[in-house]
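My notes follow the order of looking.

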Amino acid sequence: MPLTNVTGIARSEGDPRVERKGPSSLTGPDRLARALGWFSIGLGIAELVAPGRIARTLGLEGKEGLIRAYGVREIASAVPTLSVDKQVGLASRIGGDALDLGTLALALRSDNPKRDNAAIATALVVGITLLDLFAYFGTKSVHSREPGSGRDYSDRSGLPRGAQASRGLARKDFDIPADYRAEGRVAHAVPERAA
Amino acid sequence: MKALVWHGKEDVRYDTVTDPSIENPRDAIIKVTSCAICGSDLHLFHNLIPAMLPGDILGHESMGEVVEVGSDAKGSLKVGDRVVIPFTIQCGECEQCRKGNFSVCRRTNRKAELADKAFGHHTAGLFGYTHLTGGYPGGQAEYLRVPFADTTHIKVPDGIEDEKLLFLSDILPTGWQAAVQADIQPGDTVAVWGCGPVGQMTIRSAILLGAEQVIAIDHLPERLSMAEAAGAITINFEEESVIARLNELTGGEGPHKCIDAVGAEAHVSMGQPDTILDRAKQMLLAENDRPHVLREMIYACRVAGVISIIGVYTGLVDKVPMGQAMNKGLTFRMAQAHVPRWTDDLLRMIEDGRIDPSFVITHKVDLSAGPEMYRTFRDKSDSCIKVMLRP
Ligand SMILES: NC(=O)c1ccc[n+]([C@@H]2O[C@H](COP(=O)([O-])OP(=O)(O)OC[C@H]3O[C@@H](n4cnc5c(N)ncnc54)[C@H](O)[C@@H]3O)[C@@H](O)[C@H]2O)c1
Ligand SMILES: [Zn+2]
Ligand SMILES: [Zn+2]
């Protein structure tokens, strides 16, 4: 929720208003990352408030504490995923996916009566993992510095008379105004050394 | 008309919006011929200042032609005038304007009540820069309403191309003020953190003011190469120790003057572990900015030196070594640029060929490419340093 909802800021009367929205700076992978971030928050809250139900559904009774810890992990990775540094969040989500799959593997054992539920959950997590990977590599590629980074601009001095000849050129008709002087100019105040 | 509109974090769109109109007798409307994206716009792109509304028009570096003038502005402007619009809106009459402190004009912030709460006392109205500074629609658009237009414009002559004049709106006077408020004197060693557009203008200003040695700090090779073009010695902070190099270049005494042209969003990297902690705190809303450069400057600066802050900070910062600053007797100067205070001097230097600010433009595109250019400029891809847009 934008903080502006809290502060009650409103646009002024006469200002231009949007009539038709155009293309956005957000790319597909950016939007996917954002969706995954919100998904993380939703799942994290579910794991925090209803670990017992999740454990029963998957036949993972006794693992409630672990599920709750995973809830904390989901929310912790959602924060960077929803931030400008989405890759940090996505990388931590991918690590989390691996943990989830490892835990679900326990529930896939043949003597688990809820094995089918665990299989469905595993399929879902595999799907989410693929989306996480796609978002990670997607955002990495759309926001990379390549191509054409590191160009040489050493011919762009902006000083038409050359750097050396420009040194101090402003001084001929500009002095630092009195209210901008910061340095001491108080040689007269230095105590005379006794001869 | 078309405009670049803020819709949320990292979401800038090229929208169709209603045209602005004269609302006040001191207003004028200009048809924008050129505008640019600023490093300050990136703070909004990142939603670092939570006082933007979806639908706000961005942009505070614009120039163009006057197409309509309100009755009270007619004395100083007429249809057809060619003007650069400073990013600060000034009344020209209040106590601060009369002192030349235009960016803290007492009368142009129409959301003064909100800003008083946030800042203690409000600052001037600014174009396209959150509701804390008036929520005025910005100039990355085809038309711009200029409030207090009789005092908020810089008349520029025909016969000089937009490229050379546009940056009178912000980054040239901003870089100039960074150097002036450092009180640069001939013989000084000046260190400039950040070689973005503002840092580049600061470096040129320091040379023109007679600095003996200018040291430029960044990690992007293309930006360092542009700093070298003006005769700066460069330090790549990813490859060498900034403090060690600065001491080496100053006989162990440190630079006389240190200038922060980075601000709130210092680069986050393993080499600077404090930035990682700051970034984590930002995500948890426990700190607003990443003041790595501020910390480094205080440590590096010569005793009784001057710290000039022109990079924007937005709010609370942690772990600033105040004891070091106090005991070293440092002077701090900082502000949003008081643009019109410097523009006569700078226009003269452009006209007589002492500086040509167009050197900084690396991308010149149609306004419709704006959303994509926000990304390119933020990602520092394609060796982008400054984007100029044409509506
Ligand atoms: N005070 C004003 O009136 C005013 C006006 C315009 C812009 N600004 C501010 O000036 C700052 C710079 O603007 P810009 O347009 O040049 O933006 P920019 O983002 O293009 O440049 C910032 C530069 O700082 C470099 N940097 C990051 N971390 C660094 C570090 N630890 N040490 C050295 N360099 C580092 C980045 O690599 C980048 O090149 C921004 O904060 C902007 O908001 C202030
Ligand atoms: Zn700016
Ligand atoms: Zn004023």
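**The zinc site**

I started with the zinc ion (ligand 2): B:Cys38 (SG), B:His60 (NE2) and B:Asp170 (OD) coordinate it at 1.8 to 2.3 Å. Donors here are N, O and S atoms within 2.8 Å of the metal (3.2 Å for Na, K and Ca); water is not among the atoms, so sites may look incomplete. The spacing of the donor residues in sequence is C-x21-H-x109-D. Why does the pair B:His60 and B:Asp170 tie together parts that are 110 residues apart in sequence? B:His60 sits in the loop between strand S4 (56-57) and S5 of chain B, and B:Asp170 in the loop between helix H4 (162-165) and helix H5 (171-180) of chain B, so the two link those parts. Helices (H or I, at least four residues) and strands (E, at least two) are DSSP runs, numbered from the N terminus.

**Ground rules**

I noted that this is a predicted model, where local features need pLDDT of at least 70, side-chain atom pairs need pLDDT 80 or more, and totals for chains, interfaces and linings use all residues. Residues are numbered from 1 along each chain as its sequence is written, chains are lettered from A and ligands numbered from 1 in the order written, and side-chain values use heavy atoms, without hydrogens and water.

**Ligand 1**

Next I looked around ligand 1. There are 33 residues around it, and B:Ser40, B:His43, B:Asp218, B:Ile310 and B:Ala337 come nearest. I counted a residue as near if one of its heavy atoms lies within 4 Å. The shell divides into 17 nonpolar, twelve polar and four charged residues. Nonpolar means Ala, Val, Leu, Ile, Met, Phe, Trp, Tyr, Cys and Pro; charged means Asp, Glu, Lys and Arg; the others, Gly among them, are polar. H1(B) gives the most, with three residues.

Where does ligand 1 lie relative to domain 1 and domain 2 of chain B? Domain 1 (2-170 + 337-390) and domain 2 (175-334) both give residues to the shell, so ligand 1 lies between them. The bounds come from an automatic or database domain assignment.

I then checked atom distances. A backbone N or O atom of B:His267 is 2.9 Å from a nitrogen atom of ligand 1. A polar side-chain atom of B:Gln336 is 3.2 Å from an oxygen atom of ligand 1. Alone, ligand 1 exposes 860 Å², and the protein buries 96% of that. Areas come from the Shrake-Rupley method with a 1.4 Å probe.

**Strands**

Last, I traced S5 of chain B. Strand S3 (residues 28-37) and strand S5 (residues 62-69) of chain B run antiparallel, joined by seven bridges. Two strands pair if DSSP finds at least two bridges between them. B:Cys35 stands opposite B:Ser62 in S5(B). Four bridges join S5(B) to strand S6 (residues 82-85) of chain B, also antiparallel. There, B:Ile85 is the bridge partner of B:Ser62.

Conventions
Polar contact = N/O pair within 3.5 Å; in protein donor to acceptor, adjacent residues only side chain to side chain.
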